[in-house]
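Subject: Structure for you to look at

Hello,

Here is the structure I said I would pass on. My notes on it follow below.

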Amino acid sequence: MPRRYTLTLSCPDRVGIVAAVSGLIAAHGGWITEANHHSDPEGGRFFMRQEILADSLPFDATSFRERLAPIAAEFAMDWRLVDSACKKRVVILVSQLGHCLYDLLARWQAQEWDIEIPCVISNHDTHRGFVEWHGIPFHHVPVASGDKAAAFARIAELFEDAQGDVMVLARYMQILPDALCQRYPHRIINIHHGFLPSFKGAKPYHQAYERGVKLVGATCHYVTSDLDDGPIIEQDVVRVDHSDDPSDLIRYGRDIEKTVLARGLGYHLDDRVLIHGRRTVVFR
């Protein structure tokens with residue numbers, strides 16, 4: 001794909017926002033290839049995402065930011081300009097279930113995403129061979145019940161050393177401490193089965209089977225200090241019926257978990273997710 005700048009912003013809603021931003025781009029011959037807008041009438045807030053061909057502008061991203069800054073100040077914008085030439089660096093965390101990890105690495109290897117995966121971190125050594133076969137460094141960081149703080153300090157250190165942009169919990173079965181969640185707001189993505197909070201703890205699919213559920217689902221969300229309560233990026237479900245046994249539900253659940261995680265991560269990597277309190281605006 002041609003190099004592009006992606007501009008995302010939110011601000012108090014009022015007349016003239018689109019005209020001011022688009023006018024700046026047009027005044028310099030900029031070519032907008034995609035534009036998305038959303039106005040929230042309840043909160044009185046406006047959201048926008050625009051993609052601009054980088055080569056259509058006579059200046060670089062730094063100059064673009066400088067020229068946009070006065071407009072952003074005038075409209076009290078929270079904004080961000082991303083250059084597609086800078087590949088995002090995705091650090092993956094995994095435990096023993098490997099279906100999401102396998103799917104993410106397959107998509108990376110197929111160049112579905114233009115990203116770098118500097119490392120995979122796990123509290124088990126199960127997937128070392130698979131990860132290293134892909135040429136990706138693997139870090140085994142055990143989480144001892146009596147000293148979890150040391151493990152998570154090491155994870156943060158590895159993330160910083162890798163210059164990570166986003167941390168993906170690909171069925172990483174440890175609860176992140178508040179300090180880590182607050183250190184990387186909206187930069188940690190998790191996937192969990194769609195039964196929460198109905199079926200917590202061990203064997204959720206067996207619990208669901210006992211209750212005779214008709215839908216199996218999954219939720220991809222940002223991680224916050226409130227467990228499994230962060231802003232939701234993506235969700236989906238698949239219908240089940242009385243002929244499905246617990247092994248079928250597990251198989252359906254794993255399929256939809258990896259699909260929903262990939263879609264949610266893709267939206268994040270493409271700068272299509274804007275935070276709106278406890279909610280998200282996702283420009284698909």
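The buried residues of helix H1 (residues 17-27) are covered by elements that include strand S1 (4-12), strand S2 (32-40), strand S3 (45-53) and helix H2 (61-74). Please keep in mind that this is a predicted model. The buried residues in H1 are Ile17, Val21, Ser22, Leu24 and Ile25. They lie on the same side of H1, because the arc they cover around the axis is only 150°. As a general point, an α-helix has 3.6 residues a turn, so residues three or four places apart point the same way. On the face of H1 turned away from the buried side are Ala19, Ala26 and Ala27, which are exposed. Just after H1 comes Gly29, with a positive phi of about 75°.

Next, the packing of H1 on H2. The axes of these two helices are 10 Å apart, at an angle of about 150°. H1 is therefore roughly antiparallel to H2, since angles over 145 degrees are counted that way. The crossing of H1 and H2 is right-handed. On the H1 side the contact involves Ala20, Val21, Leu24 and Ile25, and on the H2 side Phe64, Arg67, Leu68 and Ile71. Sorted by class, the contact of H1 with H2 holds seven nonpolar residues, one charged residue and no polar ones.

Helix H7 (residues 204-211) packs with helix H8 (residues 246-269) at an angle of about 125°, and their axes are 9 Å apart. That angle makes H7 oblique to H8. This crossing, too, is right-handed. H7 contributes Tyr205, His206, Ala208 and Tyr209 to the contact, while H8 contributes Pro246, Leu249, Ile250, Gly253, Arg254 and Glu257. These residues comprise six nonpolar, two polar and two charged.

One residue I looked at separately is Val238, in strand S12 (residues 232-239). Is Val238 buried, exposed or partly exposed? Val238 is partly exposed, because its relative accessible area is 31%. Leaving aside residues up to four places away in sequence, Val238 touches Lys214, Leu215, Val216, Tyr252 and Ile256. Val238 and Gly253 are 15 residues apart along the chain, and their C-alpha atoms are separated by 8.3 Å. Gly253 is also one of the H8 residues in the contact with H7.

Regards

Key. Residues are numbered from 1 along each chain as its sequence is written. This is a predicted model: local features need pLDDT of at least 70, side-chain atom pairs count only at pLDDT 80 or more; totals for chains, interfaces and linings use all residues. Side-chain values use heavy atoms; hydrogens and water are left out. Axes are lines fitted to C-alpha atoms, for helices over the stretch in contact, and angles run from 0 to 180 degrees between N-to-C directions. Helices (H or I, at least four residues) and strands (E, at least two) are DSSP runs, numbered from the N terminus. Angles under 35 degrees count as roughly parallel, over 145 as roughly antiparallel, 65 to 115 as roughly perpendicular and the rest as oblique. A crossing is left-handed if the near helix is turned anticlockwise from the far one by less than a right angle, and right-handed if clockwise. Contact means heavy atoms within 4.5 Å. Ala, Val, Leu, Ile, Met, Phe, Trp, Tyr, Cys and Pro count as nonpolar, Asp, Glu, Lys and Arg as charged, and the others, Gly among them, as polar. Buried means under 20% relative accessible area, exposed over 50%, partly exposed in between (1.4 Å probe, protein chains only). The arc is that of the directions from the helix axis to the C-beta atoms.
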